[in-house]
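Thanks for taking a look at this one with me.

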Amino acid sequence: MVITENKLMTNKLRNTRNMGFIAHIDAGKTSVSECVLFYTGRTHKAGNIDDGNTVLDWMVQEKERGVTIVSAATSCQWNGFDINIIDTPGHVDFTAEVERSLRVLDGAIVVLDSVAGVQPQSETVWRQANKYNVPRMVFINKMDKIGADFDKATQTLIDRLSANPIPIQIPIGTEDKFEGIIDLVEQKAIYYKIGDEIGHIDKTTDIPEDLKAKAEEYRSNLIEKVAENDEEFLDIIFSGEEFENEKLKNAIRRVTISNTIIPVMCGTALKRKAIQPMLDAIGDYLPSPLDVPSVSGKEYRGESNQIRKADDNEPFSALAFKTVSDPYIGRLIYFRVYSGSINAGAGVLNTITGKKERMGRIVKMHAADREEIKSVSAGDIAAAVGLKDTSTGHTICDENQPIILEKITFPEPVVSVSVEPKLQSEKDKLQEALLKMAEEDPTFIVSYNDETAQTLISGMGEFHLEIIVDRMKRELNVECNTGKPQVAYRETITSNSHAEGKFIRQSGGRGQYGHCVLEVEPRKSGEGFEFVDSIKGGSIPREYIPAVRKGIIEGLTSGNLLGYPVVDIKVNLIDGSFHDVDSSEVAFTIAGSMAVKDAIKKGNPIALEPIMKIEVTTPGDFLGEVIGDLNRRRGQVSETTSITDTQIIKASVPLGESFGYANTLRSLTQGRASFSMEFERYDELPKSILKDKMENQGTKND
């Protein structure tokens, strides 16, 4: 009986695919997902973004604006495979949704536009997938679009991402003549009826004579590339024996899972063509939970590493990756089970908070709909009701065999606006709504500015904050006024410095004494904060070192120039002194803060501004006006390329100069241009602009 259960469990895991669709905005990712739901029988009609009837874009704002804002989870079955799908946003402002989804997925399909190929946000999601080592395939969408070019779109994967793509399909025709694909593995031609909006396969035939030479060339290239990257298949080729297509499939699967090759497919979601072969490829080539490395984590209240296998007989462990406030059932916590199994109502330990919680109800999500289930096991993605103290990035696990899984890291917000309630009587209601939104979205931060007595909300862009404010109005019935967008600057130092902090207070009775000496030095951009303890001989007792570090971190929260956080700095604690009676943690915390603030002053501080990477697509007639406007915004144009009469401009622009760009571009180009923008790096703020800002700040403070 045990053997049978283990076999069933292994088969279930082997046939499970946890995968997501990721892409640049407008590549057609949600349309592809909707087709998948239709062909797998999950829905009776494929939703259309233009008609506002998509299942996965279920929020009112998503239907109105035609963009994905939050990731949506669903599941379906295809040819014996259980496929858990997460459809993610393509807009850069909602990059956190992609980050947390890729953290818990085993595989992904990157959707590209057949004309544009790899675009800026394609690069971002690709880097995120690299960060979590997620195996992926590429689906080149919109093959029916004017200007569609399969080979050119594939080449952009090499040119812009340094990827190793290999087509496993090639198109039959393009633009309005796109009628199907050639499957290079099965060596079959799959045709769809031109004009048929349902997208059912019309016929599957041998490869037609006029395409045989081309198909043979691509197949030879496929076999060669796979053999180069898979020793087992290379041995088969060297032996000279005939091989079945199944052996080629197995080899493609191995090189896909190892991330050495990226299989490339094509089709059109709008015309419902070539979606079924893509579904076959998900089962054939993307990994199951058994194919990816076992999850590792830290021992709870210890330092040793622990491994959890994708096995129901292992201790239960899961990672919470998303928090949602549901108006009907309260907080929903989305989680991925890595090992073990658990029933609804069972107790778990949150190893981040140290609190025991009860799972309550467990539900399988289908976008906004819920299906109650009794239990979940290794490889499952589900949501729980009743986890009151669990948030994004927390580990929930077996109380008796705890583990801490790696957290999810999110980018820092770059834009802030001030908010105030429209009615003073709704002040508390606004605060409550803001905290709810901040709990759901790790890149949305609420803070209070003591100097201006303003509540500030910070996010990844103007659009991000606009959506937050709109959601509060619609979902929580809270209206507020917002101020002008403000840039989230940073500060750093450019030279080494040395400083000491001494805090002494004597007011009768026991006093306060803390003293530390620091050396600070700048680090490279993006390297963050590093603390080094070089205390020797007990000049500061060990128990006070953490207090000094705490004070240093507090001191770095606001710099000397504009009051923004200080980043990319190394602090070395080299000396200090203490008093047997008067020294305390509080005294050393204050001394650490004093010392680091003095060291920053001496380290030739500079202010840093966020620089955005921007890509503008415009008719050639307006090229001069667009470049002129970018130059006025302190933009640096790095490249211009042309596709027929369309110009693509790549540039870097300071975030502070990009506010309102959408309206300006619309008026410059009669509404015919489009652009995409994403965070690129921090650069030094020019001295003249820094001086103006410091003077303005001084005037305000006066």
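1. Some ground rules to begin with. This is a predicted model, in which local features need pLDDT of at least 70 and side-chain atom pairs count only at pLDDT 80 or more, while totals for chains, interfaces and linings use all residues. Residues are numbered from 1 along each chain as its sequence is written, and side-chain values use heavy atoms, with hydrogens and water left out.

2. How many salt bridges does the structure hold? There are 32 of them, a salt bridge being a side-chain nitrogen of Lys or Arg within 4 Å of a carboxyl oxygen of Asp or Glu. One of them joins aspartate 106 to arginine 336, at 3.1 Å from N to O. This pair links distant parts of the chain, 230 residues apart: aspartate 106 sits in the loop between helix H4 (95–104) and strand S4 (107–113), and arginine 336 in strand S15 (residues 330–339). Helices (H or I, at least four residues) and strands (E, at least two) are DSSP runs, numbered from the N terminus.

3. Are the two partners buried or exposed? Aspartate 106 is buried at 4% relative accessible area, and arginine 336 is buried at 3%. Here buried means under 20% relative accessible area, exposed over 50%, and partly exposed in between (1.4 Å probe, protein chains only).

4. Next, please look at glutamate 479 and lysine 422, whose closest N and O atoms are 3.6 Å apart in a salt bridge. Glutamate 479 is partly exposed at 34% relative accessibility, and lysine 422 is partly exposed at 47%.

5. A further salt bridge, 3.0 Å from N to O, connects glutamate 440 with arginine 471. Glutamate 440 belongs to helix H11 and arginine 471 to helix H12, 31 residues apart. Glutamate 440 is buried at 9%, as is arginine 471 at 10%. Elsewhere, salt bridges that share partners join Asp113, Lys142 and Lys145 into one network.

6. Now for the helix pair. The axes of H9 (residues 245–257) and H10 (residues 275–285) come within 9 Å and cross at roughly 75°; axes are lines fitted to C-alpha atoms, for helices over the stretch in contact, and angles run from 0 to 180 degrees between N-to-C directions. H9 and H10 are therefore roughly perpendicular, a term for angles of 65 to 115 degrees. In this contact (heavy atoms within 4.5 Å), residues of H9 including Ile252 and Arg253 meet Gly283, Asp284 and Tyr285 in H10.

7. Strand S5 (residues 136–141) is mostly covered, with six of its six residues buried. Arg136, Val138 and Ile140 point one way, whereas Met137, Phe139 and Asn141 point the other way. S4 and S5 run parallel and are joined by six bridges, with valine 111 opposite phenylalanine 139 in S5.

8. Finally, the open sheet: four strands in the order S31-S32-S34-S33, with mixed pairing. Two strands pair if DSSP finds at least two bridges between them. S31 (497–505) and S33 (529–533) stand at the edges with a single partner strand each, so one side of each is left without a neighbour in the sheet. S33 pairs with S34 (residues 569–577) in the parallel sense over five bridges, and valine 532 stands opposite asparagine 572 in S34. Helix H14 (residues 585–602) lies across S31, S32 and S34, at about 145° to S31.

Notes
Angles under 35 degrees count as roughly parallel, over 145 as roughly antiparallel, 65 to 115 as roughly perpendicular and the rest as oblique.
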